[in-house]
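Subject: Structure handover

Hello,

Here is the structure for your files. My notes on it follow below.

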Amino acid sequence: MDSPPSTDPADSATDSDPTDSDPTDSEASASGLRDRFEATFWERHANPWSAGTRILVYPVLMYAVYRRDRRLFLAAVAFTAVNPVLFPRPARTDNYLSRIVLAEREWLDAERGTMGLDYPNVLNVLNVPVTLYAFVSAIRRRPVGTLLGTLGVMALKLWWVDAIVKETGVTGRGPEEPESAE
């Protein structure tokens, strides 16, 4: 039987020692830097506060559009941009919100994409017209359409991430075992 997928964000960081690379090889150096940046990005984004607050940004964004509040809109966009690195690396990732991020990373690393007619990626395809409906409703200040569209977007997104958590089998990691006093 195959072993379960790695669920420790640190396991996916590059195993190579940076001192082993040839300093004249700028491509390898740039690739190593990018790999370290990506590993740090995903490790910090696996913090449940990062995933949880990011889920809540969409309703704030729609409210900002509905109210024509440019400052709130820009704050929501800025928060979305910095959110994945705003929080520290979590001590444990065996909670649902961390598992969502770990599953997404594994899904993308396996090059399974996010859009397509296959399940679960079809959920993101379906999300496109629902998102457009939500934005148009907010722009036209239709409260029921804005609310229904926003709830639809969130439901489809959460359905997609739940499906990839199940398909990847990501379980996360618990707290480190304390060393015995023997």
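Contact here means heavy atoms within 4.5 Å. Ala, Val, Leu, Ile, Met, Phe, Trp, Tyr, Cys and Pro count as nonpolar, Asp, Glu, Lys and Arg as charged, and the others, Gly among them, as polar.

Before you go on: this is a predicted model, where local features need pLDDT of at least 70 and side-chain atom pairs count only at pLDDT 80 or more, while totals for chains, interfaces and linings use all residues. Residues are numbered from 1 along each chain as its sequence is written, and side-chain values use heavy atoms, with hydrogens and water left out.

Tyr58, Leu61, Met62, Val65 and Tyr66 in H2 meet Thr131, Ala134, Phe135, Ala138 and Ile139 in H5. The residues of this contact divide into 9 nonpolar, 1 polar and no charged.

Overall, the chain has 6 helices and 0 strands. Both are DSSP runs, numbered from the N terminus: helices are H or I, at least four residues, and strands E, at least two. Of the 182 residues, 31% count as buried. Buried means under 20% relative accessible area, exposed over 50%, and partly exposed in between (1.4 Å probe, protein chains only).

On to the cores. A nonpolar core is a set of buried Ala, Val, Leu, Ile, Met, Phe, Trp, Tyr and Cys residues joined through side-chain atoms within 4.5 Å. The largest has 15 residues, and Val101, Ala103, Trp160 and Ile164 have the most contacts inside it. Helices H4 (96–109) and H6 (143–168) each give two or more residues to this core. Apart from it lies another core of 7 residues, among them Met62, Ala134, Ala138 and Val153.

Some single residues deserve a look:

- Trp160 touches residues including Glu104, Trp107, Pro120 and Leu123, not counting those up to four places away in sequence.
- Pro120 is joined to Tyr119 by a cis peptide bond, with omega about 10 degrees. Pro120 lies in the loop between H4 and H5.
- Glu111 is in the loop between H4 and H5. Its phi is positive, near 55 degrees, and Glu111 is exposed at 73% relative accessible area.
- Arg68, in the loop between H2 and helix H3 (70–86), has a positive phi of about 60 degrees. Arg68 is partly exposed at 43%.
- Glu43 lies in helix H1 (residues 26–45) and is buried at 13%. The C-alpha atoms of Glu43 and Arg89 are separated by 5.5 Å.

Best wishes
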